Protein chains: 2
Amino acid sequence: MPQTVPKLEVNLRCGDCPIRHRAICAYCDEPELERLDDIKSYKTYKAGETIVWAGEEMPLIGSVVSGVATLSRSLPDGRRQMVGLLLPSDFIGRPGRKVAPYDVVAASEVMICQFRVAKFNLLIDDTPALERRLLDMTMDELDSAREWMLLLGRKTAREKIASVLVIFARRDAELQHSELGDGLRFEVPLTREAMADYLGLTIETVSRQFSALKKSGVIIMEDARHIRVPDYVRLLDEASDDSDGGFIA
Amino acid sequence: MPQTVPKLEVNLRCGDCPIRHRAICAYCDEPELERLDDIKSYKTYKAGETIVWAGEEMPLIGSVVSGVATLSRSLPDGRRQMVGLLLPSDFIGRPGRKVAPYDVVAASEVMICQFRVAKFNLLIDDTPALERRLLDMTMDELDSAREWMLLLGRKTAREKIASVLVIFARRDAELQHSELGDGLRFEVPLTREAMADYLGLTIETVSRQFSALKKSGVIIMEDARHIRVPDYVRLLDEASDDSDGGFIA
DNA sequence: AGTCTACTTTGATCTCGATCAAGGTTTGCC
DNA sequence: GGCAAACCTTGATCGAGATCAAAGTAGACT
């Protein structure tokens with residue numbers, strides 16, 4: 001279970017970034033924030049655009065400001081597995097790394113706050129607080145990756161779909177500053193194909209399980225991209241998910 | 001692809017630890033090694049013994065000196081997925097964490113070099129080099145976890161078995177300071193059940209795929225726990241594995 | 001040595017999700 | 001509006017791996 005940053009400490013902003021810049025600025029003192037400000041720039045990518053190609057030089061380090069990006073790896077014959085989902089405030093890149101190990105692809109229009117690599121590495125070297133923050137974030141990511149391993153290895157297709165819906169629901173609630181609970185409505189920010197890659201399924205199975213959950217009354221599909229959940233606990237239950245992200249029924 | 005510590009920098013020892021204590025001591029200066037020495041102790045666990053229970057208090061922080069331990073998570077109904085394999089020099093625990101998110105189980109007799117939690121946390125706070133080392137290690141682990149996600153989501157049973165054999169071969173070569181190559185022989189340090197949990201398979205499928213690889217001549221089984229590989233490249237090929245860990249054919 | 005227990009292998013059958021194949025729907029562009 | 005391209009759904013069938021069942025094997029203890 002990822003240990004999340006206490007809400008109060010999340011509110012620091014990285015200069016004028018339009019998000020709560022949890023990623024790297026929490027715990028930073030003002031001087032460091034200023035130095036970050038000096039070396040950062042924004043860039044947006046269109047949906048479907050590949051931001052970084054696996055195996056090529058890692059051109060950036062930074063974090064997602066808005067939109068959804070994906071990390072994925074492929075086998076030589078083309079089979080593809082998504083290995084991470086990057087939501088607003090998530091960090092991209094690794095200090096000191098030269099070659100990107102994954103494709104980074106924009107799943108929607110994505111804005112990234114990026115730092116110049118060399119300068120960011122320098123900044124890290126003399127900012128232990130920043131390094132500590134990166135360590136905490138990386139450990140949270142490791143926990144998420146391991147949670148996902150449980151899903152990939154042992155959950156049924158139906159449970160996988162329910163699990164990913166819970167993730168989307170939580171993301172949406174956080175974005176809207178709304179509460180999780182019965183009757184919630186949220187956007188599905190990935191195509192069926194991207195979900196299939198995330199869940200280790202085929203696109204047809206994803207589609208069929210959406211239909212099955214609809215028929216069972218667990219979800220109401222306004223359209224392919226918008227879901228309503230009459231009974232949130234029911235959805236959690238379908239996901240066989242322990243870690244409820246702090247939701248109390 | 002995990003960035004590994006350059007070989008030369010790995011040779012520092014944590015005091016009198018009987019392993020190359022890559023885990024946390026590389027990059028440490030002498031004074032820090034001494035402070036680590038002061039707060040460490042050794043403990044051994046029998047094969048099958050649970051070292052830490054998921055959900056309970058995390059009693060230790062440290063690293064594996066010898067043997068093999070496993071990290072695993074379970075679903076409420078008992079389905080189980082291994083989420084990490086701890087080999088000698090791998091690190092256990094997370095600075096600042098109170099509750100263990102996974103079961104840690106000894107797969108063989110395991111010796112652990114453990115540090116008193118409170119003191120280790122203090123040491124980290126004023127040793128940036130140690131923190132940096134932990135960050136690098138955690139990022140390597142994250143890369144491994146993601147590599148494993150590709151295996152769990154997209155590889156066939158046969159590829160999964162070949163992949164895990166490659167891991168065991170590499171571990172054995174490192175332990176014996178021998179070279180990877182044709183004719184190598186190594187130990188399988190997990191039961192069929194543990195491998196099944198690691199690979200997201202059943203024990204019967206694991207057994208059958210061992211038999212199938214034997215029949216194809218990819219491996220020669222001396223007994224259930226000892227494997228000989230006539231053609232290492234063939235095994236790598238069966239694993240559909242890109243990352244060859246630096247092996248040059 | 002003999003027995004127990006844990007581990008492994010093999011066989012028969014079933015099932016969930018993949019694959020193959022059409023249609024249907026939405027979006028954007030002319 | 002009409003068309004094209006991308007995306008989504010549904011149906012029919014297949015097959016890899018799960019499940020159920022039964023032997024075989026190897027340590028460990030007496």
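## Terms and model

Helices (H or I, at least four residues) and strands (E, at least two) are DSSP runs, numbered from the N terminus. This is a predicted model, in which local features need pLDDT of at least 70 and side-chain atom pairs count only at pLDDT 80 or more, while totals for chains, interfaces and linings use all residues. Residues are numbered from 1 along each chain as its sequence is written, and chains are lettered from A and ligands numbered from 1 in the order in which they are written.

At least two residues each come from α6 (192-199) and α7 (203-215) of chain A and from α7 (203-215) of chain B. The most, 6 residues, come from α7(A). The surface near DNA strand D has 5 nonpolar, 6 polar and 5 charged residues; Ala, Val, Leu, Ile, Met, Phe, Trp, Tyr, Cys and Pro count as nonpolar, Asp, Glu, Lys and Arg as charged, and the others, Gly among them, as polar.

## Relation of chains A and B

Chain A superposes on chain B (RMSD 0.0 Å) by a rotation of 180° with 0.0 Å of shift along its axis, fitted by least squares on the C-alpha atoms of residues with pLDDT of at least 70 in both. The two copies are therefore related as by a two-fold rotation axis. Both copies use the same surface: 100% of the contact residues of chain A recur in chain B.

## Contact between the chains

In chain A, 33 residues are in contact with 33 residues of chain B, contact meaning C-beta atoms, placed from the backbone, within 7 Å. On the side of chain A that touches chain B, β5 (80-86) and α4 (128-154) each supply at least two residues, and α4(A) gives the most, with 18. By class, this side of chain A has 15 nonpolar, 7 polar and 11 charged residues.

Methods: Contact = placed C-beta atoms within 7 Å.
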